[in-house]
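Dear colleague,

Please find below the structure that I am handing over to you. My findings follow it.

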Amino acid sequence: IRNYVDIGDMSNTEIIMRLSTNIKSGNQFYSDLNGMYYVKREIFSKIPLQGNYYPISAGIFIEDDSLRLSLFTAAPLGGSSLKTGEMEIMQDRRLIQDDERGLGQGVTDNRAVLNIFKLVLESRESCRRADEKYPAGYLTSTAYMEQKKLLHPFEKLIYSENDWNGVKHSFGNDHEEHDVGFEIVAMRSLPHVKTSSKSTTPIGMVVHRSNLDKCSVEASSNGNQLNLKRLLGFDENEESREIYRTTLTMLEAKEKVNDDSIALCPMDIKGFIIK
């Protein structure tokens with residue numbers, strides 16, 4: 001869904017996109033917390049509308065016993081589910097006068113903006129059920145991948161060599177892919193980390209594992225083990241490649257990782273330094 005919104009010549013205008021369905025979601029919906037996981041929200045009719053709006057950094061979804069409808073956004077916005085079976089998300093807002101909520105002036109710096117969304121409808125009949133009082137929700141592996149495609153789209157890198165333009169027919173064949181839910185969220189060179197070799201610079205890497213809903217229609221997970229050497233294409237017998245644990249700031253190397261496979265629990269995040 002692509003919505004091109006321009007309210008620069010209007011006054012006191014709010015543009016929302018509302019989706020109406022027959023999903024029996026009641027007064028509850030789920031919105032993400034900084035893109036990490038989804039928190040259950042509840043609508044209270046006694047408070048003003050703005051009190052029932054929440055930040056939508058990456059997505060929002062409603063569900064019942066049989067269906068789930070998820071809406072993922074490419075840019076942070078605000079949204080809610082004010083009625084059962086409905087989702088709405090704010091596109092833009094223009095206010096001429098001050099609303100006396102701390103800004104001290106109206107909202108008049110609007111520019112034309114293209115809001116991009118992805119809508120995912122899933123069956124919930126074969127998925128794991130959490131307790132009704134459980135405060136969080138998790139994406140299925142299918143929805144997780146669709147969200148990542150929107151937030152981190154693949155880019156083809158075109159190069160020109162000997163008057164030939166194109167891309168390689170294959171890429172990464174010597175690497176082992178990691179399981180769905182594992183994500184390399186940061187990778188960079190670390191010139192401040194000292195090593196015995198003066199010719200190479202260590203590489204720092206942060207790995208995160210999401211917690212995903214278990215559904216029988218999806219491929220089974222390989223567990224909580226991640227093999228960094230096979231992921232990075234290292235030779236198993238190459239002793240010059242050493243992996244060390246580190247903090248998320250990657251300031252210094254800690255203890256050496258001796259095992260090939262590293263365990264990451266759901267919602268776990270760890271840092272490593274490769275020398």
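The notes below go from the overall fold to two local sites.

This is a predicted model, in which local features need pLDDT of at least 70 and side-chain atom pairs count only at pLDDT 80 or more, while totals for chains, interfaces and linings use all residues. Residues are numbered from 1 along each chain as its sequence is written, and side-chain values use heavy atoms, with hydrogens and water left out.

Overall fold. The protein has two helices and 19 strands (DSSP runs, H or I of at least four residues and E of at least two, numbered from the N terminus). Of its 275 residues, 38% are buried (under 20% relative accessible area, 1.4 Å probe, protein chains only). Among contacts (heavy atoms within 4.5 Å) between residues at least 6 apart in sequence, 67% join residues at least 24 apart.

Glu-122. This residue belongs to strand 10 (residues 113-123). Glu-122 is buried without a salt bridge (a side-chain nitrogen of Lys or Arg within 4 Å of a carboxyl oxygen of Asp or Glu). The nearest side chain of opposite charge is that of Arg-68, 4.6 Å away (Lys and Arg count as positive, Asp and Glu as negative; His and the chain ends are not counted). Beyond its neighbours within four places in sequence, the contacts of Glu-122 include Ser-66, Arg-68 and Thr-140.

Leu-33. This residue lies in strand 3 (residues 28-33). Leu-33 has a relative accessible area of 37% and is therefore partly exposed (between 20% and 50%).

Yours sincerely
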